[in-house]
Amino acid sequence: MESNQSCLSQINPSYKLIAHIIVMVMLMFIGNPIKTLVFWIAFLLLGLAIGGWTVRYLLKVMVPYCLFFVLVFWMLAAFGKGDNEIWQWAWFRITEESIGNGLTISLRMLAFVTIGLLFTSTTNLHLFMMSLIHQLKVSPKWAYGFMAGFRCIPMFQAELVQLKDAHRIRGYKQRRGWQSFKRYAIPLLTNAIRKSERMAIAMEARGFTGSRDRSYYKTTAITPIDVLYVSLLLLFAISMVFL
């Protein structure tokens, strides 16, 4: 998880994560589609203004979710309940209530995606782990273990490609199903165990004991800008819920 070099990437990752989670929880209490739309647009503008996003990046990332938005909206609007009927044909029945409900839920989904994307695109994985250790007092064993596991994901993807190529060269025709899953999962799991053992030995050989009483190459701290960002975010969410 590599971050861009935007202003939001300078915010303390733990505080940013907590603020975004609280904002998403508060978003679930909003049942008005217009307010939900404003919420979503506000985070899009936030990403464009100080999150390092560009319009091209947004179009590339958000288009699949927009298609999902249309699907969710149609499913909720065409089969929803309500008294004020607008249109009916066959088993489709659209009402004012179902349209409002469909817009609220589908826009809420887009807002969740945008808030999550704003965190992942502006957060460095290493700083995030350091922040978990220093600000949220997470054990270094868990933090470093998670970071090591996360960095192994690209290696597993490369190994899966190699396995598929090796089986194809030997004449195996790929099929979907349980047998194909076992054929690839068992070698991957075996290699994962071997690599985790080597990684653990290497970390212990370099003096890693999991103790909190150790030195760190980088440390994170809370700055007034972090407090200002979290305060403004929560103030905006509270105003959207109660106004």
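**Exercise 1. Find the handedness of the crossing of α6 and α7, then describe how the two helices pack.**

Step 1. In this predicted model, α6 and α7 cross with right-handed geometry.

Step 2. Locate the helices. Helix α6 covers residues 140-169, and helix α7 covers residues 178-205.

Step 3. Read the geometry. The angle is about 140°, and the axes lie 10 Å apart. Therefore α6 is oblique to α7. The cut-off for roughly antiparallel is over 145 degrees.

**Exercise 2. Which residues of α6 meet α7, and how do they divide by class?**

Step 1. Start with α6. Its contact residues include Tyr144, Cys152, Phe156, Glu159 and Lys164.

Step 2. Turn to α7. Its side of the contact includes Arg183, Pro187, Asn191, Lys195 and Met203.

Step 3. Sort the residues of this contact.

**Exercise 3. Describe the packing of α2 and α8 by angle, axis distance and handedness.**

Step 1. Helix α2 spans residues 33-50, and helix α8 spans residues 224-242.

Step 2. They pack at about 160°, with axes 10 Å apart. Angles over 145 degrees count as roughly antiparallel, so α2 is roughly antiparallel to α8.

Step 3. The crossing of α2 and α8 is right-handed.

**Exercise 4. Which residues join α2 to α8, and what classes do they belong to?**

Step 1. From α2 come Lys35, Val38, Phe39, Ala42, Phe43 and Leu46.

Step 2. From α8 come Tyr229, Leu233, Phe236, Ala237, Met240 and Val241.

Step 3. By class, this contact has 11 nonpolar residues, no polar ones and 1 charged.

Key: Residues are numbered from 1 along each chain as its sequence is written. This is a predicted model: local features need pLDDT of at least 70, side-chain atom pairs count only at pLDDT 80 or more; totals for chains, interfaces and linings use all residues. Side-chain values use heavy atoms; hydrogens and water are left out. Axes are lines fitted to C-alpha atoms, for helices over the stretch in contact, and angles run from 0 to 180 degrees between N-to-C directions. Helices (H or I, at least four residues) and strands (E, at least two) are DSSP runs, numbered from the N terminus. Angles under 35 degrees count as roughly parallel, over 145 as roughly antiparallel, 65 to 115 as roughly perpendicular and the rest as oblique. A crossing is left-handed if the near helix is turned anticlockwise from the far one by less than a right angle, and right-handed if clockwise. Contact means heavy atoms within 4.5 Å. Ala, Val, Leu, Ile, Met, Phe, Trp, Tyr, Cys and Pro count as nonpolar, Asp, Glu, Lys and Arg as charged, and the others, Gly among them, as polar.
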